[in-house]
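Here's a quick briefing to read with the model open beside it. Let's look at a sheet and then at a helix.

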Amino acid sequence: MQENQSSQIPDGLNDEQNLGWKSQHAAELFDLVSRNSNQLVYEYTPETGRILWTGAILEVTGYTPDEFAAIDINEWERHIHPDERVNADKALKEAQEKRRKFHMTYRFQRKDGSYVHIDDEGIFIFSEDGVRMVGTMKDVSERVRLEQEANASKDFLSSVLGNVTDPIFVKDDQHRWIMLNEAFCTFMGRSQEELIGKSDYDFFPKEQAKVFWEKDAEVFRTEKENTNEELFTDAKGVVHTIVTKKTIFTDSEGKKILVGIIRDITDRKEAEKNLITSQTKYKAIYEESSDAIMLLVPGKGFISGNPAAIALFGCKNEQEFTSFAPDQLSPETQPDGMASGIKSQQMMAIAMEKGSHLFEWRHKRADGKEFPAIVLLTRIEVEGKLILQATVRDITENKKMAEELAKKQEQLRLLLDSTAEAIYGIDLKGECTFCNAALLKMMGYAHQDELLGKNMHAMIHHSHADGTPFPAEQCRIFLAFRNGEGTHVNDEVLWRKDGTSFPAEYWSYPQRKDGKVIGSVVTFMDITEREKAEEELKRLAAIIASSDDAIIGKTLDGTIVDWNPGAEKTYGYTAGEALGQNITMLAPEGRQEEIRTLLQRIRDGDSVRQLETIRRRKDGREIPVSLSVFPITDEEKKIIGIATIAHDISALKQSEEELKNTKARLEEEVINTRKFLQAVENSSIATIIASPEPSIIYVNPAWEKLTGYHKEEVIGKNPRLLQSGQTPKTLYPQMWNAILQGHEFLTEDIINRRKDGTEFNAELRVYPLMDHGTVQYFIGMQTDITLRKRVDKAKSEFVSLASHQLRTPLTAFRWGLGVLRKTGPLNPKQEEIAEDIQKAAAHMAESIDVMLQLSRLEAGKVQVKSTSFRLSDVINELCTIFHPQAKLHNHSCNFQMDENITLTTDSALLREILSNLITNAIKYSPDGGTITLTTKIADKSVQISVSDTGYGIPHDQQEKIFSKFFRATNVLGKIPDGTGLGLYLVHSLVELLGGTISMVSVENQGSTFTVTLPLSPPSP
């Protein structure tokens, strides 16, 4: 390169010559700059990738010019830091394509491996000879370092200002805020955007802003630090006492700025004020306190005492009090045996070291009388010296109270430990605070220390009966203090120490102190035996329900309260007809007194076994029955009711008559054995004679015909060969017990098996043949009553037939009533009678419909005919039908339907279900109620709810609501008519459609019945 001698363009050159001259001039200028610059200068030819280097190569790159001469554009890019290499290449290409200046700062790797920050700036020159780029590179590492340090300092300063709790502001010489911290913005109740660039005049009243302005101007003028205490009203209107410290600084450009720091001393001012008040109060407390307060110097004695101290120690005045040394107002020794003088020095030393010390002490008055006290020694500073203030309180009464409390606690402990129920207490964390001996024994723990302070849920209530975890947040024991009310649970288990569990019934009640709940007291008992008894009771109830005998429960005056299906079968009355009636309803003419006499005998504590008498059925027929009547007693053996078991012995009487005749013949023809055998042989009653072993010695042809066995097959065999295994196991011991005591035994509960394996119901009567009180033989007579059992089943079909037969006269009855009304106006009395007849006919029609439907259901004759339909169509139809009835009772109706529900089921049966529910809602709600019907989709099912605001159902009767003939007791007086079959029918129809029905009811608030049906019929 040659040094450029001229910078002037020669005259007379054409365009081509002019361009050539400019190119030569640029080359000379490049050479001149590169030789006279401390920068690295380059010329880059994109076509070849070659770079011509000159200038401060060694200083910038660490390479010598010769080493660096071989570096082309590719080698140069490899020296650029990997994080910036792609951006540098992209920027270079864009500068060339768009013919604009290239400028970039990046990191370059020197020869020694270190990186320097390079500021690279160049331009592309386009000519006929091609494209080249001329540029300079400068090491700007120091500048970058200073910028980074400055940014770090700025960030640090911003962080410090942001975390300083005192408000800080910076103003320029025009009194405008230019920098603020967050605390200042909060103090002003404004954001930085609202404050920056503004002055005090923008936010404060003019007079106040003027004061602030003048104080700022004085600081700018004097450049002296200024501190002011002043009142300031913040954005919320709260007045603060603040101290503002203002200082002048000069920035890097020589401009003055004012930095202000605000310190809110409102609390300190208030504290100072309170201190003065406290001193006044302390003096008053010192003089007026009921506690003895005195000042003493350790090692020297008392220097003062308040009036209470003088009175407590029995001194005449303060002078006499301060004349005593501390150990002179104490007995020679303390209760622990230590000398009072030595121990008092120890107590004072502890107080001087720790600042205070509280302890119990035995004191002595001036007259020598001792008393217990609580002493508080407090180290205080008076006029620069450390002394002790002693506060003494006589606890004689407290001691007495503590002793009384200890006695009461011991009594409570004895009471707790004497109870059979397990009792424990828990605090708000669920941790045990006390427990009694019964709990330790029941749960298998040796000592209460194993439970005290432990979480009782984790110890005894951690799992369900199946072993799955029981979350503490679901624990109903904790509900006692969470909800502030008691909890009673009898369907959970508790866990012993050995890992076994038992069913428990527990009560949890909140424990309060000063009106606040502090925990809970829990009482529980092991109900394993009770559950067994309940299971036994259920089993007995099932036996009673399935018994063919009439089992009747009565009050002491004979009012019927229980009526089993056997009673319905025996006497013909349904439970609905019999319950509430007097037992004398079953007495034939002239036998009422017999029943009253029986009732009196039972009330007197007697009982009657197998009394044969006569009773009258509903149809008027008199039947012979065998009665057992006995008292029902409570746990205290007090008679609370009467139970009767009655067995229809009509067939037995008939058999007895035959047997008596047979016995008569046998007695008359005892010598003529052939005649006796002939009579038995010809008897239609299957007869067997057996010895006591027992062993069969004779069977008659009727027995052979009944059982299928020939007498040769059974002679010498045990009669139990007929047993089927279906007869109640308790029956045979009863039979043998009766026979061996010489009594006749009769039962209809025998189920025997023939030789061919078929089974039959038998009525069995067994007669023992006695000789001097010993059973020699017994005669068994049995009759196949399978047909009779079937007849019993047919009785239910009779209800259906009777209902059908009642429809025709009822229809004529209602038609005749309509004709009567059309023949002419009726007088008021006639109209009233006609209306009563109309209602009775409607009620009877409703009852017949229900009975018919039930009989069809029980006979399996109701077929489900499923179709798809819009549920809203059915609901709208029912709304139209029942609107007049609801309006008649001033009920408001609210129907909330989803118009898009399509249901596939039997629409006629669904109408019948909903009609029954809506009818009940209207019927069992006082006038002016609200009837609500809602529908919604819930998981592939539709839920239809009918709600009312009516009488509701008592809680203890809700489980019976879907039973046949059940009616809630709270409506019997209000709505006397009703069959008790409607909800039983609804329940049966819902199950027939493959759905479920549930009920929620609160007495005197209303009920909600919810029918859940599948959207599509269940698979067959």
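Five strands make up an open sheet, ordered β22-β21-β25-β24-β23, with antiparallel pairing. Heads-up: the model is predicted, so local features need pLDDT of at least 70 and side-chain atom pairs count only at pLDDT 80 or more, while totals for chains, interfaces and linings use all residues. Residues are numbered from 1 along each chain as its sequence is written, and side-chain values use heavy atoms, leaving out hydrogens and water.

**The sheet**
- Its edge strands, each pairing on one side only, are β22 (560-563) and β23 (608-616); pairing takes at least two DSSP bridges between two strands, and strands (E, at least two residues) and helices (H or I, at least four) are DSSP runs numbered from the N terminus.
- β24 (residues 622-633) and β25 (residues 639-648) run antiparallel, joined by nine bridges.
- Pro-631 has Ile-642 in β25 as its bridge partner.
- Helix α21 (residues 592-603) packs on the sheet, touching β21 (550-554), β23, β24 and β25, where contact means heavy atoms within 4.5 Å.

**Helix α9**
- Which residues of α9 are buried? They are Ala-209, Phe-212, Asp-216, Val-219 and Phe-220, buried meaning under 20% relative accessible area, exposed over 50% and partly exposed in between (1.4 Å probe, protein chains only).
- These residues lie on the same side of α9 because they cover an arc of only 100° around the axis, taken from the directions from the helix axis to the C-beta atoms.
- On the other side of α9, Lys-206, Glu-207 and Arg-221 are exposed.
- The buried residues of α9 pack against β6 (168-171), β8 (226-233), β9 (239-250) and β10 (256-264).

Notes: Axes fitted to C-alpha atoms, helices over the stretch in contact; angles between N-to-C directions.
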